Amino acid sequence: MNASPVSSPQTPAGSVAMRPTETLLLTRQDVSDLLTLDDCMDAVERAFILAAQGTIPRAGVLGFPTVGGGFHIKAAALTGERSYFAAKLNGNFIGNRERFSLPNIQGLIVLCDATNGTPLAVLDSIEITILRTGAATGLAARCLARPDSHVVTVCGCGNQGRVSLRALERVMRIEQVFLWDIDQGAAMRMADEFESEGRYRVTAVDSFSEVTRRSDVVVTCTPSKRAYLGIGNVVAGAFVAAVGADNGEKQEIGPDLMARSVIVVDSAEQCVQIGDLHHAISAGAVTADHIHAELGQILSGARPGRRNNHEIIVFDSTGTALQDVAAAALVYERAMAAGRGVPFRFAP
C-alpha cells in the first residue's frame, strides 16, 4: 500500500502558479467540486490504517465551550511521499440557523507542509467535516454491520443524516429506511428527497423507538445532550453508528446499551474524553478496557470486526483530525492540479 494518503499532483498548464511562500484559499464550493464521498472514503480508510500501523502520530483535540455553543480544535499529521499537518477550528452553535441564518457548524482548516511548516492552504471546513464523518460511518458499517443488513434507521435528518445514508448505500443493500428527527418536517423533507430516487422505501416517522427495533443499522447524528437510544431500542445483531457526540456535553447512546455492546471507536483517547464512551465510563457502566478496537485496527486486519450475527456493535464516532488531514490533503493536491483556489501571501 502506498504510504501517502493521496497521490502527488502533476501540475498541468493553466494550473495555479504559486510561489513557495504563497498559500491557497479554497472555498466550500471548491471543496465540494474537488472531493467526492467515494474518494473521501478511500482517503480516510488509508489514513485510519496508517494510524493503526503506528506510522503516523496520534491525532489531538481541544474543546473550548462558550455561551450558546463552543469551539474545538483538532490536529493531525500524515507522512508519506509528501507529509502534511492540518489543524481544524470549528465553531458549533446549534441555534445559528434560527437566530442568524448561519450554519450550526462552521470553521476552517489550515493545511501545512509537515516537513517545514509552510502554510499550504486555508480551506472551508464544512464540506470536509460532512464528508469525512459520513466516510467513517460507511467504512465502519462495511466491517461491523451484518452482511444481510437491509433496514436502516437514521436519527437526525440534517447534513450528517444525509451523508450517512449516502455512505451506507455504498456498503450495503438497503431496502427500507426510517427517518426520525425532533423536527418532523426535516424528516419528511429528507424522506421526499431520497424516496424520489426510487432506490428503496423511505418513511419519515414521528417516533424512533419502534423502528429502531426493526432495524439492522441505526445511525444517530443529532446534537442531543441526553441519551435517547438504550438497550431496549435495538435488537440482537444491530450495528449502531453513534455520530453526534463530538464534544463532552453531547450524548446519544445510553450507558446500558454501551455496556451490552461491542464497542468500536474512531480514537480511543478521544472517545474516552468526549464520546458516548465518555458518558458510559462516567456512569460506571464500562471502562476503557471495554473497547474492542479502533476502526483502523479493524480496517488493517489487526483486530476482527463482527464475529457473529448476534452481537450488538456500537461505533463511537467522535470525528478525528486524522480524517480532516486526509481529506484536506486530497483537496489541496487536486486544487493544485486543476488550478482551483486563490493564492495569497500572509507576508509581503
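Guide: Welcome! Helices (H or I, at least four residues) and strands (E, at least two) are DSSP runs, numbered from the N terminus. In this predicted model, local features need pLDDT of at least 70 and side-chain atom pairs pLDDT 80 or more, while totals for chains, interfaces and linings use all residues. Residues are numbered from 1 along each chain as its sequence is written, and side-chain values use heavy atoms, without hydrogens and water.

Visitor: How do I find empty space?

Guide: Rolling a probe the size of a water molecule over the atoms shows where empty space is left. On a 1 Å grid over the protein atoms alone, a pocket is an open set of points where a 1.4 Å probe fits, with protein on both sides within 12 Å along at least five of seven lines; lining residues have an atom within 4 Å of a point. A volume is the space filled by probe spheres set on the points, which are joined across faces, edges and corners.

Visitor: How many residues line the largest pocket, and which element gives the most?

Guide: The largest pocket holds about 1100 Å³ of space. Its lining has 41 residues, with Arg-97, Asn-104, Gly-158, Cys-221 and Pro-223 nearest the centre. α4 gives the most, five residues.

Visitor: And the second largest pocket?

Guide: The second largest pocket has about 440 Å³ of space and 23 lining residues. β2 provides the largest share, six residues.
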